[in-house]
Amino acid sequence: MIVAEGVHFSYPNKVEALKGVSLTIKDGEFVAIMGQNGAGKSTFVKHFNGLLKPTSGKVSVDGVETTKTSVAALARNVGFVFQNPDHQLFSETVEDEIAFALKNFGFKPEVVEERVTWALNLLALTQYRKTSPFLLSGGERKRVALASVLAWDPQTLILDEPTIGQDHEQKEILRQFIVQMQTQGKTVVIVTHDVEFVAECNPRVVLMKEGKIVAEGIGKDILTNPDVLTESSIVLPQIAQIFNKLSQLGLPKNIIDIYEAEKIILNAEETKPVK
Amino acid sequence: MSVFDGLKFRKVYSPIHNLDPRVKFAYVISIFAVAIVFYQIIPLLFLFFLQIPFVLLARVQRQWLRSLRGAAFLAVFIFVVNVGTDYFTSGYTLTAANVESASALTLRFVVLIESFSIFFLTTSPDHLGLALEESHVPYEFSFAFTTAVRFVPVLAEEAQTIMDAQKARGLELEKGGLLKKIRNYVPVLIPLIVSAIRRSLELAEAMESRAWGATKKRTNLYALKLHKGDYALLAITVGILVGAVYVHLYVPIPTIVHLLQHKSLLILSEIKRKP
Amino acid sequence: MAIIETKNLTYTYPGASKPSIIDVSIKVEKGEFVLVTGPSGCGKTTLCRCFNGLIPHFYQGELTGEISVAGEDTLKHHTYEMAKHVGLVFQNPENQLFALSVEKDVAFGLENLGVPREEMRKKVDWALNQTDIYDLRERSPHEISGGQQQRVAIACVLAMEPEIIVLDEPTSFLDPLSAEKIFEVIYDLNKKQGITVILVEHRLDLTAKYADHLIVMDEGKVRFEGNPREILSTEETRLIGVGIPKATLLYQMLKKDGLNLSGNTPLSSEELADQLLETLKTK
């Protein structure tokens, strides 16, 4: 469980990036942290594995305050996948890349071998086991980076802007992957501004603006509130845009799922008054 | 990273900052030349104090003092080496004259640092790049210079991100002996280098796409024009050079030791005269 | 005559085992807004680089077939000559800007072309105004946001007054609001200045509504080309893995369910909403 209480954070150049943020994320939750570029989303999640420590306030992971332990110790339970896989990849083979963290954490060689094979399998990378990560395509490199974090099986997975540069199918695979992680009881936190992707996943949404949390709730409610979203410079998902306009017919506004939309519209068609 | 803060473009408007870099450079080179010619302490002291009004006018006192502090170590080293060599080669005698000449040499070094420091503190990188362009330095060089300066903060941020990404995989940069520490930086250096190479490729594409190499006769959006202040500085520079030549050829310069002896002789004669 | 025309264009990167684009034959008319889309690796980026001569001059490799851009055969003209006709805006905002101030970056192309200072000043100011970044002209590229950087990149190519502007996934790194601003700027340039636009994008929900002409690529080949409304309503397009706008998908679903919707296949939420209002209001 991750608990942030009254977190303030200022960068060395005195810019205050977080102005009193409090949030609790229970085990197994799926949370999307959204907001404009510069709202403080990435800054905030970097407190979860101790990369950043609050200037005031505190962050505890599983009861341990992040200031009282090391990044390596926290990383054991909080895996962080950065936006650009090229900021992580450095090994000669994909195998070595995935084994890197496992070795850092002191896993025994047999266990390392086992985990590497498991991670390769999970992300359909087995054929690239002995390939140099630099020779792979963009999407494949992203999978290697993800595999290298999953390998040590952290309870919490943080994904920073995982949908950037991904095409429709890759996003769909990512979405299914998150569902899979969820069924295994993992906590998943994504930092993103991709409303359509979040609309399809319908997680708990935390909206940030200028270093503060301005709204929090189920995706369905947050992503369909036009005032809240314009305040934090996010666009309504397409389905919500449609229903925003249809509200004059008395139809509900908080629709983001396409199948639900279909049902409601067909229902409205059947039940509309005959002239 | 604070080291790179000094290279970040800071728009300060002072009369010195607005001077043409070529004129400033001519001034600095002249100071350099004059400092080399004289080995006596008095003219060097004069040169040292000559810079102070420029420092104050440019309002860069704090940074200037910092650069002098940085040079202090080397200055002491130079002093000690010179006094030491004199001491050992003259049969273990320490004379006032030796101390004075060692001080002069040290002061010469300080004057050099001081004047170059003022130059770099008061000349923004793009101003410098522009000066390079207008001085008929091949465009490739001034372009390489300004582009490098432009990307320094970007590279610094990227280095930080890469370190964070690897720390999040359990890499502990502080741990271990010297050899282990060096090896720990491999996962940071490789992504940094790979990223730099990728970046250069993208830059090259962008340059080619914007007509790089279309003509040998490049024009320039800006032009450096000489103003009153520049002419004033040029006059000062010429004045210093002429003065230096004159003093060097015709004016015998006493050493401090000489002055002290002279003074002490005067005082002694005064004492003798008084009943 | 079409402003861009290719016939059986095939290209293989040096050292690659197979070509990145195969037998691409397309025609783009002057003033069109062309949208190019397709799953990752389909060859759209490669195609962009053929338009301004980066392929074959910068990338070498093997290029066969014919290509004519703004009346010039790119094989016979150097990239710096093509730069006067075709501007190319890349995906990563940061790596396209190399000067220490925005206006110096915008002037870069003109400086390379040896344009005299006064004329250059006018063109730079014009480009800065067209992209709504005139107040940013003295700022350093590093200080401004990604969206602003991309507008600078557009101004940089615009200053050379090309007939065609090609943009390769320009909003990948931007949030939806900044992305929309970019598309509005591009659309303006297309409608008001008559500049032919070729936009490569995944986010069809934001861009489909601007396009006159849609090209869908897959595995190096052009699969579909033509009217966006027609192409995006077919099952085949969806199967390739193209991200059909939700409004279009919903429209198709409702039509299959028997709902009577008037008008063309919608490409935006506004269009579908209007159609639905009409249908659901009256019986």
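Start with the cover over helix α10 of chain A: the elements over its buried residues include α7 (195–201) and α11 (258–271) of chain A, plus α8 (204–207), α11 (246–256) and α12 (269–281) of chain C. Contact here means that C-beta atoms, placed from the backbone, lie within 7 Å. Helices (H or I, at least four residues) and strands (E, at least two) are DSSP runs, numbered from the N terminus.

This is a predicted model, in which local features need pLDDT of at least 70, side-chain atom pairs count only at pLDDT 80 or more, and totals for chains, interfaces and linings use all residues. Residues are numbered from 1 along each chain as its sequence is written, and chains are lettered from A and ligands numbered from 1 in the order in which they are written.

**Stop 1: α10 of chain A**

Select residues 238–246 of chain A. Seven of the nine residues in this helix are buried. They are Q238(A), I239(A), A240(A), Q241(A), I242(A), F243(A) and L246(A). Buried means 20 or more other C-beta atoms within 10 Å of the residue's own; exposed means 12 or fewer, and partly exposed lies in between.

**Stop 2: the sheet of chain A**

Stay in chain A. Four strands form an open antiparallel sheet, in the order β2-β1-β4-β5. Two strands pair if DSSP finds at least two bridges between them. Strands of a sheet pair through backbone hydrogen bonds. The edges are β2 (16–25) and β5 (64–65) of chain A, each pairing on one side only. Now select β1 (residues 2–10) of chain A: seven bridges join β1 to β2(A), and the two run antiparallel. Pick V3(A); its bridge partner in β2(A) is T24(A).

**Stop 3: chain B**

Chain B has 10 helices and zero strands. Its radius of gyration, taken over C-alpha atoms, is 26 Å, well over the 19 Å from the globule rule for 275 residues, so chain B is more spread out than a compact globule. That rule is 2.2 Å times the number of residues to the power 0.38. The C-alpha trace spans about 90 × 55 × 30 Å along its principal axes. Buried residues make up 23% of the chain.

**Stop 4: where C meets B**

Show chains B and C together. The contact takes 35 residues from chain C and 29 residues from chain B. On the side of chain C, α4(C) gives the most, with seven residues.

**Stop 5: domains of chain C**

Colour chain C by domain: domain 1 (1–85 + 162–235), domain 2 (94–160) and domain 3 (245–283). These bounds come from an automatic or database domain assignment. The centres of domain 2 and domain 3 of chain C, taken over C-alpha atoms, are 43 Å apart.

Definitions and conventions. Contact = placed C-beta atoms within 7 Å.
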